[in-house]
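Please keep the structure in view while reading.

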Amino acid sequence: MSLSPFHLAIPVYDVALARAFYNDVFGLEEGRSSEQWVDFNFFGHQLVIHEQPKTAGQESAHTNPVDGHNVPVPHFGVILTWSEWETLAERLKARDTQFVIEPYVRFKGEVGEQATMFLLDPCGNALEFKAFKDMSQVFAK
């Protein structure tokens with residue numbers, strides 16, 4: 001399956017703080033920018049942070065139960081290879097990242113076994129990073 005890069009624009013109420021987070025925590029390469037927005041290469045996809053006053057969703061996220069954890073909604077992220085996910089998890093732990101859901105493996109031994117972790121950017125946007133033991137099971141039931 002060949003994937004096209006997605007484009008996602010998210011609200012941030014502090015462009016400088018969010019810019020530093022995406023640069024420093026993830027080491028993302030920047031593209032074009034202005035005073036109100038910044039493009040990032042988000043693991044091959046185009047993520048744009050746009051200045052906007054704080055939203056109600058950034059104040060407190062709604063959650064839904066999944067595998068015994070409260071998953072924040074909305075959220076976004078990427079599916080990495082298992083080794084990329086492990087490297088990112090170690091990078092985030094080394095930076096004393098506060099996780100919403102600590103890195104762990106869900107559905108262990110079942111169809112769709114996956115590693116996952118959730119965190120918030122400094123403006124309250126929820127991010128999930130995951131990896132599948134078997135990438136052919138990304139959409140498996």
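Two strands count as paired if DSSP finds at least two bridges between them. The model discussed here is predicted. By that criterion, 4 strands make up an open sheet with mixed pairing, in the order 1-4-3-2. UniProt, in an unreviewed entry, places the feature "domain: VOC" at residues 4-132.

**Sheet and helix**

- The edges of the sheet are taken by strand 1 (7-12) and strand 2 (29-33); each has a single partner strand, so one side of each is left without a neighbour in the sheet.
- On average, neighbouring strands of this sheet are turned by 25° against each other, with direction ignored.
- Strand 3 (residues 37-42) pairs with strand 4 (residues 45-51) over 6 bridges, in the antiparallel sense.
- W37 has H50, in strand 4, as its bridge partner.
- Helix 1 (residues 15-24) packs on the sheet and touches strand 1, strand 2, strand 3 and strand 4.
- The direction of helix 1 makes about 155° with that of strand 4.

**Largest pocket**

- The volume of the largest pocket is about 480 Å³.
- Its lining consists of 17 residues, and L3, V78, I79, M135 and V138 lie nearest the centre.
- Strand 7 (76-80) and strand 10 (126-132) are the elements that give two or more residues to this lining.
- Strand 7 gives the most, with 4 residues.
- By residue class, the lining of the largest pocket divides into 11 nonpolar, 4 polar and 2 charged.

**Second largest pocket**

- The second largest pocket holds about 170 Å³ of space.
- It is lined by 13 residues, of which P74, H75, G124, N125 and A126 are the closest to its centre.
- At least two residues of this lining come from strand 1, and at least two from helix 2 (56-59).
- The lining of the second largest pocket has 7 nonpolar residues, 6 polar and no charged.

**Annotated span**

- Residues 4-132, the span that UniProt gives for "domain: VOC", are 21% helix and 47% strand.
- The end C-alpha atoms of this span lie 19 Å apart.

Terms used:
Residues numbered from 1 in each chain as written. Predicted model: local features only at pLDDT ≥ 70, side-chain atom pairs only at ≥ 80, totals over all residues. Heavy atoms only, no water. Axes fitted to C-alpha atoms, helices over the stretch in contact; angles between N-to-C directions. Contact = heavy atoms within 4.5 Å. 1 Å grid on protein atoms, 1.4 Å probe; cavity = no way out; pocket = protein on both sides within 12 Å on 5 of 7 lines; lining within 4 Å. Points joined across faces, edges and corners; volume = space filled by probe spheres on them. Nonpolar A, V, L, I, M, F, W, Y, C, P; charged D, E, K, R; others polar. UniProt positions renumbered as here; feature names shortened; annotations may be inferred.
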